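Visitor: Please take a close look at one part of this model with me. I would like the surroundings of the ligand explained step by step.

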Amino acid sequence: MADTPSTKFQRNDAGLLIAVEGIDGTGKSTQCAMLAEWFEAGGREARVLPEPTRGPYGMELRRRAREGRLDPRAEFELFLEDRAWNVETNIMPVLDRGGVVILDRYYISSMAYQGARGLDPMEIQVANERIAPRPDIVFLLMLSVDEALDRIHGRDEHGPNLYEDRAYQENVAAIFDSLNWIEIERIDAAQPVDEMQKEMRVAVWKRKTSVT
Ligand code: TYD
């Protein structure tokens with residue numbers, strides 16, 4: 001998918017913004033925590049922030065996920081509100097202080113997950129880049145849908161929900177696969193956890209990002 005950067009959102013040069021993305025089951029949260037530990041060991045403030053958040057819009061999203069999903073556009077708009085809240089309340093204060101923000105999902109997830117429900121991923125990107133800073137590095141954790149579903153559901157479960165889930169996850173994965181941003185580093189998530197982390201740290205280092 002062609003990338004047309006349309007960043008309207010202004011930020012200063014302080015801080016480092018990393019997003020960790022991928023389908024469910026790729027081990028994002030573990031890798032985020034390990035990255036934060038590494039930055040902190042180097043004396044740098046680092047904060048892991050998950051999306052959906054634990055703020056007011058994020059809690060509403062979580063409730064909706066349990067009690068009946070919103071239609072795709074309403075869901076997209078609620079994710080956008082949650083993100084705007086996260087940018088203002090959590091992300092920008094850390095970046096402005098020169099800290100590292102590690103997002104456990106960010107707007108690339110909106111492009112993939114709401115895109116897989118029929119919305120235009122490019123429209124989702126443009127709307128998000130009006131309210132949210134573009135990440136400096138995006139780690140895209142890569143795993144086949146089969147392997148990811150096995151990890152989530154266990155290897156013996158093959159009920160009808162799994163098939164439904166599989167079709168959706170395949171659409172999500174196809175959108176992630178189609179992205180060709182220069183900020184994206186693809187990491188093989190079938191590797192052991194420590195190997196993945198090593199690749200991610202090398203990638204941060206190679207991008208000449210100061211890790212003091
Ligand atoms: P997830 O990272 O699994 O959160 P948790 O582990 O706390 O439940 O995210 C929950 C779901 O939200 C996941 O299936 C992806 C989806 N999602 C979107 O559909 N759009 C978005 O913009 C984001 C951030 C997440």
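Predicted model: local features only at pLDDT ≥ 70, side-chain atom pairs only at ≥ 80, totals over all residues.

**Around the ligand**

Guide: Start with Asp24: one of its polar side-chain atoms lies 3.2 Å from an oxygen atom of the ligand. Residues are numbered from 1 along each chain as its sequence is written, and side-chain values use heavy atoms, with hydrogens and water left out.

Now look at Arg62. A polar side-chain atom of Arg62 lies 2.9 Å from a ligand oxygen atom. For Ser110, the distance from such an atom to an oxygen of the ligand is 2.5 Å.

The set around the ligand includes Glu51, Pro52, Phe79, Arg83, Arg105, Tyr113 and Gln114. Being around it means that a heavy atom of the residue lies within 4 Å.

Most residues other than glycine have a negative phi, and most peptide bonds are trans. The bond from Glu51 to Pro52 is cis, with omega near -5°. Pro52 sits in the loop between strand S2 (46-50) and helix H2 (56-67). Helices (H or I, at least four residues) and strands (E, at least two) are DSSP runs, numbered from the N terminus. Arg105 is not a glycine, yet its phi is positive, about 85°. Find Arg105 in the loop between strand S3 (100-104) and helix H4 (107-114).

Two packed helices are described by the angle between their axes and the distance between the axes. The axes of H3 and H4 come within 11 Å and cross at roughly 175°. Axes are lines fitted to C-alpha atoms, for helices over the stretch in contact, and angles run from 0 to 180 degrees between N-to-C directions. H3 and H4 are therefore roughly antiparallel. Angles over 145 degrees count as that, under 35 as roughly parallel, 65 to 115 as roughly perpendicular, and the rest as oblique.

Which residues meet here? In H3 they are Pro72, Glu75, Phe76, Phe79 and Arg83; in H4 they are Tyr107, Ser110 and Gln114. Contact means heavy atoms within 4.5 Å. These residues divide into four nonpolar, two polar and two charged.

H3 has another partner. Its axis (residues 72-96) and that of helix H5 (residues 121-131) come within 10 Å and cross at roughly 25°. So H3 and H5 are roughly parallel. On the H3 side, the contact uses Arg73, Phe76, Leu80, Arg83, Ala84 and Val87. On the H5 side it uses Glu123, Ile124, Ala127, Asn128 and Ile131. By class, that gives seven nonpolar, one polar and three charged residues.

Finish at Arg83. It is around the ligand, it takes part in the H3–H4 contact, and it takes part in the H3–H5 contact.

Conventions
Nonpolar A, V, L, I, M, F, W, Y, C, P; charged D, E, K, R; others polar. Polar contact = N/O pair within 3.5 Å; in protein donor to acceptor, adjacent residues only side chain to side chain.
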